[in-house]
Amino acid sequence: MGSFCIRATRHAVLALVLAASMNKADVVSAADIPLTTDILPSGVPLPTPAPGFVQPPEDSNTELLGNAGGARDWLTRQGVRVTIQDVEELWGLAGGGLHPGPTYDGMTAVAVSLSTQQAFGWQGGLLNVSALQIRGRSLTNERLGALNAVSGYDVGRSTRLFELWYGQGFFNNRLDIRVGTIDLDTEFLVSQNASFFLNSSFGWPLSTSSNLYSGGPSWPFSAVGARVKWTPAPPLVLMGAITNDNPTRGPFYSNVNPTTRDPTGTLFSTSGGTLFMGEAQLWMDMARRLAGKDAPALPGTWKIGGLYDTGRFPDQRYDNQGNLLASAISTGIPRYHHGNWMAYALLDQMIWRKTKESGKTINLFVRTIVSNGQRNRFSVEIQSGLTFDELLPGRPDDTIGLAWGTSLYGHQAIRSAHDAVRLGTGVPYQLRPEHHIELTYQAAVTPYLILQPDFQYFLNVGGVSRDPDTGRAIRNGVVTGLNMTTTF
C-alpha cells in the first residue's frame, strides 16, 4: 500500500489496532509485513506501532502506476509485494550558517517482499529485500554546518542494498523473529509524530548517530543481526535486537563519509562490537481510561528502551597516554573504553479530538535520551512537537507540524573544551547546545503524490560559540525546503 494511503487512513488504522488487540486469536499467523513507509527516514508519519496492528488492504489507486496492467494483482497472488518510492528535495540556506545558497538531494527506493505461505506453502514466513539510490549534495555539511541534518536524505551519494532479512511469525504472530541485515531505526526509538518532520534527528536522533560507529544500524545502513518482537499480553509489546555495531567497518573518528566507505551496502560487517537493543511499548487510549468507553478515542504509545554496545569508545577528555587531549603534549589519540550505553523514553499521544468520529486531531510527541557522559559527546537529548490533522478546511489529508529539539554535551566534552581555552592550544570557543526548530506542512496533492514545504531555524549552529577552525562566529541558520514524495 502507498505511504499516502497510510496517511489518509491513519485514524481508521488506529481503530483496527484496538479491535485487533482485543481479538488477537482471530489474526492469522504471519511474519510482520514492513510498512511502505519503513524505507523512508523522514517526511511520512508512521501508524502507531501497537499489538495487533492491521494494515489496510492494498489499493492500487494510491500508486502512480496503479495496477500496472494487472501485474500487481498477479504478483499479489504469488505472494510478492513491490513498493517503489521516489523523493526529490530542494533546500536553501537563506541566512546564517557557512555559505548561503541552494542544494538538491533525492532518493529512489525499491522494496520487495515474498510471503512463503503463498509462494511455497510455508506458513508465517516473509522474505524482504530493499535497495536505495541516493543522490544530490549535503546542505547541512556544505552550507549550514549544523550537527542535526536538515533531512533524513542528507547522507551522501550511493546506490546500495538496504535490508535483506527473513521473518517468521509464531503463535498467531505473538512472536515475530527477523534474521539478516536489519535497520533498527524502522522499529526502535520510532515516534509516529516525530517521523512526520524532515529534520533527520526526529527519526534516528543525534545521540545515536553521533555516539555509535557510523551512526549505528540506521538508514541508509543495516547490520547483520536478529530482532525478536513478542506480544505477551496486548497492548504490551516487547522487542529486542542483537546486531553488529559497526555497519561500515570504519574507525570511530573518520573524515571519510560512511556511504563512501561502504558504497554498496554489501560489506556485511562482523568486525567490532555487538549492539544489544531493547524496547517495551504500551498502547493505550487515555480518554477512555479517564472518561469512559463513550469518550472520543485519544490513542497513544508509551515506550522505554535502551542499548548497550560492547565496542571500544573514545574518552572525550584524555588521550591514550593519560594526558589531556587539549594539551600540547597530547598524542591526539583518545583513550578507548570498552562498552557504551544509552537509555530513552518516548511518548506519542493524541491530546485532542474534535468529536468522537472526527479526524481533526492534535498529537504530541516527547522523546528524551540519556547517554554515558564520559564516552559520548552528547549525554542528553530532548525533542518535542505537535502535529495538527485536518486543521485547514477542505484539506482532510493534510497535516501541519511544529517541533523542537536539542542535545546537551557530556561533562567530559565540556571540560575538554575548557582545557583548550585554559591551555591556549585552540581558538577560544564555548560548547553550546544546538537548537533546531521546524515548521512543516504536508499536503496530499493526489493519493500517490505529496508535497511538503518546510522551514527550519538553527540556534548555535554546530554547537559552538564560534568556528573552532577560523575563530569566526557562526550566525543562526535559516533553512527553507520542499520535499516531493511519489509512490509508484
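The legends below describe a predicted model of one protein, first as a whole and then in close-up views.

Residues are numbered from 1 along each chain as its sequence is written. Because the model is predicted, local features need pLDDT of at least 70 and side-chain atom pairs count only at pLDDT 80 or more, while totals for chains, interfaces and linings use all residues; side-chain values use heavy atoms, with hydrogens and water left out.

**Figure 1. The whole protein and the confidence of its prediction.** The mean pLDDT of the protein is 87, and 90% of its residues reach 70 or more; pLDDT is the predictor's confidence in each residue, from 0 to 100. Over residues 1-29 the pLDDT stays under 50, and the model has 83 contacts for them beyond four places in sequence, a contact being heavy atoms within 4.5 Å. The pLDDT is also below 50 over residues 48-53, a stretch with 28 contacts beyond near neighbours in sequence. The secondary structure comprises 9 helices and 16 strands. These elements are DSSP runs numbered from the N terminus, with helices (H or I) of at least four residues and strands (E) of at least two. Of the 488 residues, 55% count as buried; buried means under 20% relative accessible area, exposed over 50%, and partly exposed in between (1.4 Å probe, protein chains only). Among contacts with a separation of 6 or more, 71% are between residues 24 or more positions apart.

Figure 2. Helix α9 covers residues 411-423, and at 1.5 Å a residue its 13 residues should span 18 Å, which agrees with the 18 Å between its end C-alpha atoms. The expected span is 1.5 Å times one less than the number of residues. Which residues of α9 are buried? They are Gln-412, Ala-413, Ser-416, Ala-417, Asp-419 and Ala-420. Seen down the axis of α9, these buried residues fall within an arc of 150°, so they line one face of the helix; the arc is that of the directions from the helix axis to the C-beta atoms. An α-helix has 3.6 residues a turn, so residues three or four places apart point the same way. The buried residues pack against strands β9 (299-319) and β13 (399-409). The face turned away from the buried side carries the exposed residues His-418 and Arg-422. After α9 comes Gly-424, with a positive phi near 70°.

Figure 3. Phe-196 is found in the loop between β5 (175-182) and α6 (206-211), and its relative accessible area of 1% makes it buried. A search of the whole structure finds 11 aromatic pairs. Rings of Phe, Tyr and Trp (its six-membered ring) pair if their centres lie within 6.5 Å; planes under 30 degrees apart count as stacked, over 60 as edge-to-face and the rest as tilted. The rings of Phe-196 and Phe-197 have centres 5.2 Å apart and planes at 80°, so this pair is edge-to-face. Both of these residues are buried. Together with Phe-202 and Phe-365, Phe-196 and Phe-197 form one aromatic cluster. The C-alpha atom of Phe-196 is 9.3 Å from that of Ile-400, although 204 residues separate the two along the chain.

Figure 4. A cis peptide bond with omega of about 5° joins Trp-219 and Pro-220. Pro-220 lies in the loop between α6 and β6 (223-233). The bond from Pro-234 to Pro-235 is also cis, with omega near 10°, and Pro-235 lies in the loop between β6 and β7 (236-244).

**Figure 5. Two loop residues with positive phi.** Phe-171, a residue other than glycine, has a positive phi near 55°. It is found in the loop between β4 (158-170) and β5. Is Phe-171 buried or exposed? At 62% relative accessibility, Phe-171 counts as exposed. Glu-390, which is not a glycine, has a positive phi of about 55°. Glu-390 is found in the loop between β12 (378-389) and β13 and, at 23% relative accessibility, counts as partly exposed.

**Figure 6. Asp-38 and Thr-186.** Asp-38 has its place in the loop between α2 (10-22) and α3 (71-77). At 14% relative accessibility, Asp-38 counts as buried. Asp-38 and Thr-186 are 148 residues apart in sequence, and their C-alpha atoms are 5.6 Å apart in space.
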